[in-house]
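Please take me through this model in the viewer, one selection at a time. At each stop, say what to select and what is found there.

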Amino acid sequence: MQDISVSLTARDRALFGRLVAAGLPERIFDAHVHVFERACFPPGFGWPPRECYNRFGGQHTLEQFLDATQVVLPGRTTGMLSFGTPHSHCDRAAAARYTGSSSDQRMRFGLALVAPEDTAAELEQRLRANRLIGYKPYRSYVTGMDAEAVRIPHMLPAAQMALADALGLVVMLHIPRESRLADPDNQRDMVEICQRYPRAQIIFAHVGRAYWYRNVVGNLDGIARCPNAWLDTAMVNHTDVLHYAFTHFPRERILFGSDAPIAWLRGKSVEINDQYAYLMAEPYAIGSALHDPASTVEFTFFYYEMLAATLEAARRAGWTAADVEGFFWGNAHGLCARVAAALGITP
Ligand SMILES: [Zn+2]
C-alpha cells in the first residue's frame, strides 16, 4: 500500500531546530489549507496520475492534516482556516459539509467553495448550515470565457459580494491573470472590490501570487490602504518577496498560510529570470514544476522552506517577537474568531 504519511529526515530535524532557534513561535495558525475527502468527488472520479493529491491517497482529510502537522511542527499548537479543493468535479455542497465538520470554531475555521452560478441564497444557506465564515471562489469556476480573460468581478459576482459585505465574511481570493499582482486590471479590481464591499474581509492569497520579486514591487500600495484587505503567504518561500510584503503592507494584516497538502511535498519555489519554477524532489505536476529525478540535492518540505524564508524576512524587516507571533497566530486567528462571533457561530 502507498505510504501517504509525512516523515522527517535527519536534515529536516536539523532545519527544524534552526527554525525554532530563529524564533518560530509555539502556536501556528495556517490560514490556507485544503482539507477534503474523496467523498467530496463523484464516485469513479480519479485524479490524473501526476496530480499531487495522489501522494496523499487522493484526499487530505482533517486526520491527515493533524497527523502531518504533528510530524512537521513537533510540540507546536496548530490551528487552521480550511476549505475544499476548487475543482470542477468537486461537489461544493459536500465539500462545505466536510469543511464544517472539520471546524471547531475555536482553533479551526472553514470556508465554502463557491462558483459564480451559486446564488447568494444558496451560498448563505451553505454557510449557515455548516457554520462557515466565508467563501473561496476560483478562476476555473468561471466558464464560457477564455481563462486569461477572467477578471476578479467575474469570479465574485455582485450578489455574492453583497452577502459578504452584509455579513462581514472572509473571502479568500486567488487572483487571475498571467501577470498576477502586476496586472493593471487586477490592480484596479482589487482596490475596487475592497472599497465597494468594505465589511467583506478579502484575503489575497499567496501575496497576490507574486512568486518572483518584480511582481510584488510597487504593487501592494493600493490594497495596503484598504483596511479590509489581507495577504496570506501560502507557498511563498522567496525571502525578498516576503521582506517586501513585510515592509510595504500593514503587518497586522499579513497571515501565515501553507497551501497544505502541497506544502507537505518536498520542493522549493525558485525565481528564474522574472518567472518562477517549483524545483521538486517528487514528480508531481504542480504549476511550473521541474523534477530532480537523480536526487541531486536533498530537498525539504515546501513548508519548511516557507518557514525559513519567513523568519529571515521578518528578521530583516525588524519584526519583534510579537509581530512574528501575530503573523503566525493572532492576525489570522483573530480575524476568524471575530468573523465567526459576528455571525453568531460559537464553539
Ligand atoms: Zn490553495
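Select isoleucine 272 first: this residue stands opposite glutamine 275 in S11. Glutamate 271 stands opposite tyrosine 276, also in S11. The model is a predicted one, in which local features need pLDDT of at least 70 and side-chain atom pairs count only at pLDDT 80 or more, while totals for chains, interfaces and linings use all residues. Residues are numbered from 1 along each chain as its sequence is written.

Now extend the selection to both strands. S10 and S11 (residues 275–280) run antiparallel and are joined by 6 bridges. Strands here are DSSP runs of E with at least two residues, helices are runs of H or I with at least four, and both are numbered from the N terminus. Two strands pair if DSSP finds at least two bridges between them. The two strands form a hairpin with 2 residues between them, and asparagine 273 in that turn has a positive phi of about 50 degrees.

The 3 strands form an open sheet with mixed pairing, in the order S10-S11-S12. S10 (267–272) and S12 (289–291) are at the edges with a single partner strand each, so one side of each has no neighbour in the sheet. On average, neighbouring strands are turned by 30 degrees against each other, direction ignored; the axes are lines fitted to C-alpha atoms, and angles run from 0 to 180 degrees between N-to-C directions.

Next, select helix H3, residues 92–102. Its buried residues are Arg92, Ala95, Ala96, Tyr98, Thr99 and Ser102. A residue is buried if 20 or more other C-beta atoms lie within 10 Å of its own, exposed if 12 or fewer, and partly exposed in between, with C-beta atoms placed from the backbone. Look down the axis of H3: the buried residues fall within an arc of 165 degrees, so they line one face of the helix. That arc is taken from the directions from the helix axis to the C-beta atoms. Their cover includes helix H2 (62–72), strand S2 (77–83), strand S3 (108–110), strand S4 (112–113) and helix H4 (120–130).

Which loop holds valine 114? Valine 114 is in the loop between S4 and H4. The residue is buried, with 29 other C-beta atoms within 10 Å. Leaving aside neighbours within four places in sequence, valine 114 is in contact (C-beta atoms, placed from the backbone, within 7 Å) with Leu123, Tyr135, Lys136, Pro137 and Gln160. Tyrosine 138 is 24 residues away along the chain, with 7.6 Å between the two C-alpha atoms.

For contrast, go to alanine 10 in helix H1 (residues 10–21). Alanine 10 counts as exposed because it has 8 C-beta neighbours inside 10 Å.

Then select Val171, Ile202, Ile203, Phe204 and Ala245, which touch the most other members of the 109-residue largest nonpolar core. Such a core is a set of buried Ala, Val, Leu, Ile, Met, Phe, Trp, Tyr and Cys residues joined through C-beta atoms within 7 Å. Helix H12 (residues 302–316) gives the most to this core, with 10 residues. Beyond its neighbours within four places in sequence, alanine 245 is in contact with Val207, Val216, Leu220, Leu231 and Ile254.

Finally, show the whole protein, which has 13 helices and 12 strands. Buried residues make up 50% of its 347 residues.

Terms used:
Two residues are in contact if their C-beta atoms, placed from the backbone, lie within 7 Å.
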